Structures are given as structure tokens and as C-alpha cells.
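Thanks, everyone. I'll keep this short and go helix by helix. Have the structure up while I talk.

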Amino acid sequence: MLRKFNQYINENFSFLKEKKLLVACSGGVDSVVLAHLCKATKLHIAMAHCNFGLRGKESDGDADFVNNWASNMGTHCFVKQFDVESHMKNHGGSVQMAARELRYHWFAELLETNGFDYVLTAHHADDNLETFLINLSRGTGISGLTGIPERNDKIIRPLLPFSQDEIREYAQSAGLAWREDSSNASSKYLRNKIRHQIVPVLKELHPTFLQNFRSTQKHLGQTNDLISHHIKSLKSQLFKSEDEIIRISISKLKQLKPLEAYLYYLFQEYGFSEWEDVQGLLSAMSGKQVVSKTHILLKDRDCLLLTPKENRVNESYPVYLDGTPCELPISLKIESVEKLEKAGKNVVYLDKEKLNPPLLLRYWEKGDYFYPFGMQGKKKLSKFFKDEKMDVVSKEKQWLLCSADDIVWVVGKRADERFKVEESTREIIKITQLL
């Protein structure tokens, strides 16, 4: 196995030979073998052990074992104790999820504070099979069947080509000691049920089942790569970016077959999961939307609008007419001028004496109204937005420049008649929105 491991590193991760590596070591046979193989191939490693305290003295024994073994190997070892129950109270989730979040957060800290380049974990071929079966049992797309990735950013898993039998044989032949986790024998966890009750039966069905599975998973991965390439190309044609808004033609979406599958691959990365609702948008009335944790997908006439979800804060920002610097969410240039010059949607001229400084910059709110420049009478902003054919997303991002409670300028759209420059105006203020 040492020869095969060395060959695998040379062919796939040769860059690791010059890097500073952190081996995640639980004390179990898999991580002990990984650390031993890394030492044997002269990789520059330290170890990291997480003590979650879930098995009392047994957990403490694991920590002592890893610490002592690392010391005997002449390798530095980081050990940290975690409060899993406290994390679950604050963040929710299962014990396994809490432990995973704590573990990888700590690994990221060690990488940053101690100058490590990568974390190596001891996931192997049998872990891959178990993950496949777990995802299959829960229902998943093809991406959920492609298995544990060999590399995920700073996490590398160099034992994935090897079975648990190979790992145990190596440990025994090398005379290695390791710790057995008593919780691995419990059937209350889904992974353990699959490991002890299902996988052995599958291996009995065919003596080369695991090898055949790895070949099948390789083909699934290649198929997934083809799909990803196709979806990336399709997105470049369908997704048209305008500022932070992505506009997607509904008529072009409807031409895709099978539609449900395309919607899944086009929008899954934005956190959507209610696919019937997403498909329903294509025939819904304008204004209908579907919301994920991170994004909003909105029906706007003949298009879908995709935009990041923002936590809009209804606060105002003072705008000083004397040019006093202040932090604003948009860039405004304020100056006194002698006369009117060429105007535009991004420039407004105001009679200074009609203003109540400092002006205020804020988002629009329901019930707002103004007196559109060049018109008689007032108009609700909601009606103005409708006439301007503004979509819901653009409305939510619309800024107003106000004098006390009165709107002076719907920024970038229309000025208010009440603050216009007249023949009697003695001082003209010019405000420009810098794009």
C-alpha cells in the first residue's frame, strides 16, 4: 500500500511534497495509517485531534493516544476540546453536524494562524460507498452520487482510492496501534447501519463490488462534469446580468426539455429547493416570487429576475449641502453653480432656499408621494414606479433624496417640482449621482 500511496501522491498531488500539511487524526486506524504513510513518504506534517468529549474517559483516552503517538513520531500535535452541546443549543442541528462544523472551523483557524497549506483527512473508498448509499436513500441528483471529492479547496483526501480492508492490512503489517471508537458499533446512526448491515451484503453479492462501484462512481463523476459544462454554457446564453440583477427569458426557459431538470441545475447553486414553485413562476402573474436563504427569483412580465437577498435597513443618511464628507451608500457630488446647465436623469438642480438642510438619503417606503417635475399635482411613488415599468427588485433598491419629510429627488429618475430653480432663485445647488 505504501508504494501505491506514493504513486497516487506523485500522480495527483505532487505539490504536497513542498507544502506544510495538517493531518486530521482521530486515533482510529484510518487516520493513524494516513499519518504513518505521510511520514513514510516524507511529507511535512503535523497532527490535529478534536476531543468532543462525547464518550467521556474514552474520548480523553483517544486524545492522549494521539498526542503520545505524535510525540513518539517526532510530530507536533494540536489537541482541542469542544463543547458540542453548547454549539447545538446556539446553532441547532444534530450531534454529527455540530461536531463537523466545529472540526472544520478549527482546521481553518489552524491553517490561518500556523501557516499550514492543506488539511489531509482519512476518508477512504468504503466511506465513499456509505455516503453514496446515504444520499441515495434520502433522494438526490447525480451530484449527490458522485461521492466525496478528492479535494475540496484546502481539504485533501488521499486515501479515497483505498478500501478499509487495505488500510487495516497495512496497519497490521506495519505493527501500528490504534483506538477503536465504541460508537462505531452502535446502530442508532444511519451510517453505522449501512456500514454493518448493508455494505457486507453488497460485498457478498460480488467479490469485486467495491472496485466495480468505484468504476461506476467515476463514470457518474464524468457525466456530472459534462452536465456542469453544458449548464455553464447555457447560463452564459440565458443569464443576462444588469448590475446585481440577472434577467432570464421565460420563453427561452420553456424551450428546455426536460424543464424540471434544467431548472434544478440552473438554480440549485442559489439555494432554491421548492422546484414546483420555481416552475410555477414561469406562468405566474408579474410580481410573484420564490425566496431562498440567499436569493430572490421574481416573475417580471416575460422574464425571471434573480437577485441576492439583502437585509434592507430603513435608515437615513444626512447629506450636507456644503460638501461636508459623509459615508453614503451611493456617490453624490454636491456643488453651487451660477446657472443651469445640461440636465439628465443623474443630475438635479435645486433652489437652495427651498431646502431644509441637511438633506436625507433613504429608501422609498409605501405611501411615499412627490410632485413630479414638469407636472401638476402629486403622484404616489408606487404609481410612478409602475409607469416607469420598474420591477420589484429595482423598486426595493430605489433611493430618495429628501428635505425633511418631502421628496426632493427620486434619485436617477425624476426631480420634484416644488424644489425647482426659478427666475427668483438666488443660489443654485447642483447634485450629480456619480455612476
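Start with helix 6, and with its buried residues: Ala125, Asp126, Asp127, Asn128, Leu129, Glu130, Thr131, Phe132, Leu133 and Ile134. Keep in mind that this is a predicted model. Ten of the 14 residues in helix 6 are buried, so the rest of the structure largely encloses it. What provides the cover? Helix 7, helix 8 and helix 9 are among the elements over those buried residues.

Now the length of helix 6. Its 14 residues, at 1.5 Å a residue, should span 20 Å. The end C-alpha atoms are 20 Å apart, so the expectation holds. After helix 6 comes glycine 139, with a positive phi near 90°.

Next, the packing of helix 6 on helix 8. Helix 6 covers residues 125-138, and helix 8 covers residues 190-205. Their axes are 10 Å apart, and the angle is about 105°. An angle of 65 to 115 degrees counts as roughly perpendicular, so helix 6 and helix 8 are roughly perpendicular to each other.

Who touches whom? From helix 6, the contact takes in Asp126, Asp127, Leu129, Glu130, Thr131, Leu133, Ile134, Ser137 and Arg138.

Zoom in on one of them, threonine 131, in helix 6. Buried or exposed? Threonine 131 has 15% relative accessibility, so it counts as buried. Its side chain makes a polar contact of 3.1 Å with the side chain of arginine 191. Setting aside residues up to four places away in sequence, threonine 131 touches Ile148 and Arg191.

A second residue to look at is serine 163. Find it in the loop between strand 6, residues 155-156, and helix 7, residues 164-173. Serine 163 has 11% relative accessibility, so it too counts as buried. Which residues does serine 163 contact, leaving aside neighbours within four places in sequence? Ala125, Asp126 and Leu210. Ala125 and Asp126 were on the buried list for helix 6.

On to helix 9, residues 209-238. Its partner here is helix 11, residues 259-267. The two axes come within 10 Å and cross at roughly 85°. On the helix 9 side, look for Ile227, His230, Ile231, Leu234, Lys235 and Leu238. On the helix 11 side, look for Tyr262, Tyr265 and Leu266. Sorted by class, this contact of helix 9 with helix 11 has seven nonpolar residues, one polar and one charged.

Last stop, helix 3. Helix 3 runs over residues 57-72. Its 16 residues should span 22 Å at 1.5 Å a residue. The end C-alpha atoms of helix 3 are 22 Å apart, so that agrees.

Which residues of helix 3 are buried? Ser59, Gly61, Asp62, Ala63, Phe65, Val66, Trp69 and Ala70. An α-helix has 3.6 residues a turn, so residues three or four places apart point the same way. The buried residues of helix 3 pack against helix 2, residues 29-40, strand 2, residues 44-51, and strand 3, residues 77-81. Just after helix 3, glycine 74 has a positive phi of about 75°.

That's the tour. Over to you.

Definitions and conventions. Residues are numbered from 1 along each chain as its sequence is written. This is a predicted model: local features need pLDDT of at least 70, side-chain atom pairs count only at pLDDT 80 or more; totals for chains, interfaces and linings use all residues. Side-chain values use heavy atoms; hydrogens and water are left out. Helices (H or I, at least four residues) and strands (E, at least two) are DSSP runs, numbered from the N terminus. Buried means under 20% relative accessible area, exposed over 50%, partly exposed in between (1.4 Å probe, protein chains only). Contact means heavy atoms within 4.5 Å. Axes are lines fitted to C-alpha atoms, for helices over the stretch in contact, and angles run from 0 to 180 degrees between N-to-C directions. Angles under 35 degrees count as roughly parallel, over 145 as roughly antiparallel, 65 to 115 as roughly perpendicular and the rest as oblique. A polar contact is a pair of N or O atoms within 3.5 Å; within protein, one must be able to donate a hydrogen and the other to accept it, and residues adjacent in sequence count only if both atoms are side-chain atoms. The expected span of a helix is 1.5 Å times one less than its number of residues. Ala, Val, Leu, Ile, Met, Phe, Trp, Tyr, Cys and Pro count as nonpolar, Asp, Glu, Lys and Arg as charged, and the others, Gly among them, as polar.
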